[in-house]
Amino acid sequence: QGRPIKNRTETAHPAVHPLPNMARGVFGLALVAFGLLSLNRYWSAVDFVGQVTPRPRAEKVVRCAGDKALKDRWNSVGKTGKLTDAMRLVAAAKVRSAQTGVEKARPFSDELLSMIKGLVKKLKGTGLEADLPMLRVPEKVTNIGILMITGQRGLCGPYNAFVIKKVQARILDLNAQGLTPKLFVVGRKGIQALTTRLQADKYTYNYTEEFWPMPDTIKAKDSTAIAETLENYFLSGEVDKIEIAYSRFINLINNEPTIRTLLPLSPTGMEDPEDETFKLTTEGGKLKVEKEKVKAAKAKEIEADVIFDQPPQVLLNSMLPLYLNSQLLSLLFDAQASELSSRMSAMKAATDNAKELQKKLLLLYNKKRQAAITAEICEISAAANAIEAADKKGAAGPGLGVMDNENSVAEDFMKELDSGDVPETPVSYDQFGPATRQELPSA
């Protein structure tokens, strides 16, 4: 009770910071982990009796008589064949997706075309082309645009080359008429052709810098972006006519590069006379294409007492861009089906060539292996015959002396080789003179 109370500040312990303690703990764990890794490496190198496990050494002698380089080439060709066959199957699956896209887009396109034909029929003879610029045909065509649809990548046979050749012929034809076309490109291979096949010194054209990649999965937004750009060029008067160069799908082994007019639209025959739909099926385990001719859409009958909320010209001006978009979407699907079918054919040919080359390499490998085995057997047989003949004639050389053994003879032989005492040509045993070693007397 009588002790003085010390000041709290004097008796308080210094503050303990938790951060150094955590750092020590982490450092300790790191040391433990390093020690365990070192022990693991040591235990993996030492077997259960304490001896170090020998490392596998590289073989310097070929075990078999075959050619290793030829065997590696055979394996490489086989792997390439499997890869090309897988690419063929992937292309077949994508053809089915293109077929599904065409089937889904067909009803909307038919219904829209039917309505457009009905309105055009009702307004026939009223100066329709004057109010609908997308149907207006100029008196003289001075500016032509060409939309070139190519693939995004190669390995599809002559697909891209055929489309580019078609564009080359069309550009030369227009240049002969004194016209310089404007070029629009879809697909990376078309851009590459501008600096190779379509060089400016031979062909005269204007590249509009309008480029769209060819999508793997075609959607409506892809065709919409292309259609809006082409429509703006046409309505602004920069081009009087727009043509499209693409490859029309015929079957799995054949497609035809085609050029057709995209703008202006025809007010009477808007549908393609060669319009067809395709369906990929299987028959007997093989892919087959069934084609069906598409009937022309009939004009929708519009009653005479129908009252339009807006003038028919306004309705048509809003429908025609949709129809252009649907037409372009259908052409993109057609071009993609042609590209995929060409890739299927090219990969099928590559797979067949790989199998044929593999057979030839295997035959060559077996021939070389058999020749090497035969040579080894001949060498072994010849050596055995030589030893047997020497034993019969007793010409195997003198026997060893009393103090000689295999080690001493080998040592003396190496000394003679180093000193150069061994003659280059063999000599008979009698020419050595008196024997330098004590030999056993003959019994």
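# Strands, core and buried polar residues

Modeller: In this predicted model, Leu147 stands opposite Ile244 in strand 4.

Colleague: Which residue is the bridge partner of Leu147 in strand 2?

Modeller: Strand 1 pairs with strand 4 in the parallel sense over five bridges. Five bridges also join strand 1 to strand 2, and these two run parallel. In strand 2, the bridge partner of Leu147 is Phe184.

Colleague: Which element gives the most residues to the largest nonpolar core?

Modeller: This core has 42 residues, and Ile116, Leu147, Ile149, Ile226, Ile244 and Leu262 touch the most other members. Elements that give two or more residues to the core include helix 3 (68-122), strand 1 (144-149), helix 7 and strand 5 (254-263). With 11 residues, the element that gives the most is helix 8.

Colleague: What is the number of residues in the other core?

Modeller: Within the largest core, Leu262 is one of the residues that touch the most other members. Leaving aside neighbours within four places in sequence, Leu262 is in contact with Leu230, Ile242, Glu243, Ile244, Leu324, Leu328 and Leu331. Apart from this core lies another, with Val163, Val167, Leu183 and Leu194 among its members, and its number of residues is 17.

Colleague: How far apart are the end C-alpha atoms of helix 7?

Modeller: Helix 7 covers residues 220-235, which is 16 residues.

Colleague: Which residue with a positive phi follows helix 7?

Modeller: The buried residues of helix 7 are Ser223, Ile226, Ala227, Thr229, Leu230, Glu231, Tyr233 and Phe234. After the helix comes a residue with phi near 85 degrees, and that residue is Gly237.

Colleague: Is Asn255 buried or exposed?

Modeller: Asn255 has its place in strand 5. Not counting residues up to four places away in sequence, Asn255 touches Tyr159, Ser247, Arg248, Phe249, Ile250, Ser338, Ser341 and Ser342. The relative accessibility of Asn255 is 13%, and because the cut-off is under 20%, Asn255 counts as buried.

Colleague: Which side chain is joined to that of Asn255 by a polar contact of 2.9 Å?

Modeller: The side chain of Asn255 has a polar contact of 2.8 Å with that of Ser247. The polar contact of 2.9 Å joins the side chain of Asn255 to that of Ser342.

Colleague: What is the relative accessible area of Gln336?

Modeller: Gln336 lies in helix 8 (residues 312-393). Gln336 touches Ala98, Met214, Pro215, Asp216, Thr217 and Ile218, leaving out residues up to four places away in sequence. Gln336 is buried, with a relative accessible area of 7%.

Colleague: What is the mean pLDDT of the chain?

Modeller: pLDDT stays under 50 over residues 1-16, for which the model has two contacts beyond four places in sequence. Over residues 45-50 pLDDT also stays under 50, and there the model has seven such contacts. In the chain, 68% of residues reach 70 or more, and the mean pLDDT is 75.

Notes
Residues numbered from 1 in each chain as written. Predicted model: local features only at pLDDT ≥ 70, side-chain atom pairs only at ≥ 80, totals over all residues. Heavy atoms only, no water. Helix = DSSP H or I, 4+ residues; strand = E, 2+ residues; numbered from the N terminus. Buried < 20%, exposed > 50% of the residue type's maximum accessible area, 1.4 Å probe, protein only. Contact = heavy atoms within 4.5 Å. pLDDT = per-residue confidence, 0-100. Expected span 1.5 Å × (residues − 1). Core = buried A, V, L, I, M, F, W, Y, C linked by side-chain atoms within 4.5 Å. Polar contact = N/O pair within 3.5 Å; in protein donor to acceptor, adjacent residues only side chain to side chain. Pairing = 2+ DSSP bridges.
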